[in-house]
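Student: I would like to learn how to read a protein model one feature at a time. Could we go through this one together?

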Amino acid sequence: MLLSLSQAILIATMIQIFSIFCKLNQISLSDRQWVEKETESLLSPDHACPVCHAHGSLSPFASYTRCLVEREKGKPAVHEIVIKRFQCRSCGHTHARVSSALVPYSSYSLRFILQTLRDYFLGRACVQYICDRAGIAVSTLYRWKNLFIRHKALWMEALKELHAARPVEFVENMDGHFLQNFYQTFLLSFLQSRHSGHPESSPGEVKTPSAAT
Ligand SMILES: [Zn+2]
């Protein structure tokens with residue numbers, strides 16, 4: 001797959017962490033706890049710099065806070081989380097270390113987006129109700145849906161699957177191995193837009209500062 005220059009630059013500035021591999025709907029941790037658990041895990045000594053590929057050259061550099069919107073009792077809840085940055089002693093580039101619970105450049109957690117899409121695909125409530133409950137604009141739901149369908153199709157094509165799984169089954173069977181394999185295959189996190197400049201929130205949505213990484 002060919003990468004655009006902006007995508008390649010975007011990818012080069014982050015290191016995604018994968019340490020939880022069970023099905024996402026079986027994870028008992030909250031999204032915040034999931035992020036904390038993966039953020040606290042040590043960087044492997046042989047972890048390579050995403051830019052120059054030097055091994056063992058990444059050192060703690062700085063940290064910053066960003067917002068995370070996760071579902072709590074069915075409602076959106078906004079929390080602050082800490083993102084650690086590392087610097088490569090070889091090339092000098094810095095990289096944010098991003099938990100697999102997060103969608104880079106989105107304030108909403110991966111599970112928040114997937115749970116909202118699952119509600120939509122099940123069709124048990126009207127779109128406006130689902131969006132009101134999630135605190136998002138209808139246009140945001142459709143943007144997530146289009147991204148989900150594109151990434152699902154990418155994955156199905158990579159697997160040479162002749163018959164695609166239904167969207168709800170795809171969401172329900174998703175696990176950490178899938179997230180890691182998707183990232184390693186396409187150098188892109190599942191449901192990650194290709195650029196960081198797209199505002200996640202629209203007027204009337206949950207008010208969150210824009211999310212870095
Ligand atoms: Zn480097």
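Predicted model: local features only at pLDDT ≥ 70, side-chain atom pairs only at ≥ 80, totals over all residues.

Student: Is Phe186 buried, exposed or partly exposed?

Tutor: To judge that, count the C-beta atoms around the residue; 20 or more within 10 Å make it buried, and 12 or fewer make it exposed. Phe186 has 18 other C-beta atoms within 10 Å, so it is partly exposed.

Student: How far apart are Phe186 and Leu154, in sequence and in space?

Tutor: They are 32 residues apart in sequence, and their C-alpha atoms are 8.7 Å apart in space.

Student: What share of contacts in the whole protein join residues at least 24 apart?

Tutor: Among contacts between residues at least 6 apart in sequence, the share is 71%.

Student: Which elements make up the protein, and in what order do they run?

Tutor: There are seven helices and four strands. From the N terminus on, the order is α-β-α-β-β-β-α-α-α-α-α.

Student: How do the strands come together in a sheet?

Tutor: The general idea is that strands of a sheet pair through backbone hydrogen bonds, either parallel or antiparallel. Here four strands form an open sheet in the order E1-E4-E3-E2, with mixed pairing. Strand E1 (14-17) and strand E2 (58-72) are the edge strands, and each of them pairs on one side only. On average, neighbouring strands of this sheet are turned by 25° against each other, direction ignored.

Student: In what sense do E1 and E4 pair, and over how many bridges?

Tutor: E1 and strand E4, residues 94-99, are paired in the parallel sense over four bridges. Two positions can be followed by eye. Met14 has Ala96 in E4 as its bridge partner, and Ile15 stands opposite Arg97 in E4.

Student: Which residues of E1 are buried on each side?

Tutor: Both faces of E1 are covered. Met14 and Gln16 are buried on one side, and Ile15 and Ile17 are buried on the other.

Student: Why does Ile17 count as buried?

Tutor: Ile17 is buried because 22 other C-beta atoms lie within 10 Å, and the cut-off for a buried residue is 20 or more. Leaving aside neighbours within four places in sequence, Ile17 is in contact with Glu38, Ser41, Arg97, Val98, Ser99 and Ser100. Take Ser100 from that list: Ile17 and Ser100 are 83 residues apart along the chain, yet their C-alpha atoms are separated by 5.7 Å.

Student: How much of the protein is buried, and which residues of the largest nonpolar core touch the most other members?

Tutor: Of the 213 residues of the protein, 33% count as buried. The largest nonpolar core has 36 residues, and those touching the most other members are Val98, Leu110, Ile113, Leu117 and Leu191. Helix H3, residues 110-122, gives the most to this core, with six residues.

Student: What does Leu191 touch?

Tutor: Not counting residues up to four places away in sequence, Leu191 touches Val103, Leu110, Ile113, Trp144, Leu147, Phe148 and His151.

Student: How do H3 and H5 pack?

Tutor: Read the angle and the distance between their axes. H3 and helix H5, residues 138-159, pack at an angle of about 95° with their axes 10 Å apart. That angle makes H3 roughly perpendicular to H5. On the H3 side, Ile113, Thr116, Leu117 and Tyr120 take part; they meet Leu141, Trp144, Lys145 and Phe148 in H5. By class, this contact has six nonpolar, one polar and one charged residues.

Student: Where do Tyr105 and Leu187 lie, and are they buried or partly exposed?

Tutor: Tyr105 is in the loop between E4 and H3, and it counts as buried, with 22 C-beta neighbours inside 10 Å. Leu187 lies in the segment after H7. Leu187 has 16 other C-beta atoms within 10 Å, so it is partly exposed.

Terms used
Residues numbered from 1 in each chain as written. Pairing = 2+ DSSP bridges. Helix = DSSP H or I, 4+ residues; strand = E, 2+ residues; numbered from the N terminus. Axes fitted to C-alpha atoms, helices over the stretch in contact; angles between N-to-C directions. Core = buried A, V, L, I, M, F, W, Y, C linked by C-beta atoms within 7 Å. Contact = placed C-beta atoms within 7 Å. Parallel < 35°, antiparallel > 145°, perpendicular 65-115°, else oblique. Nonpolar A, V, L, I, M, F, W, Y, C, P; charged D, E, K, R; others polar.
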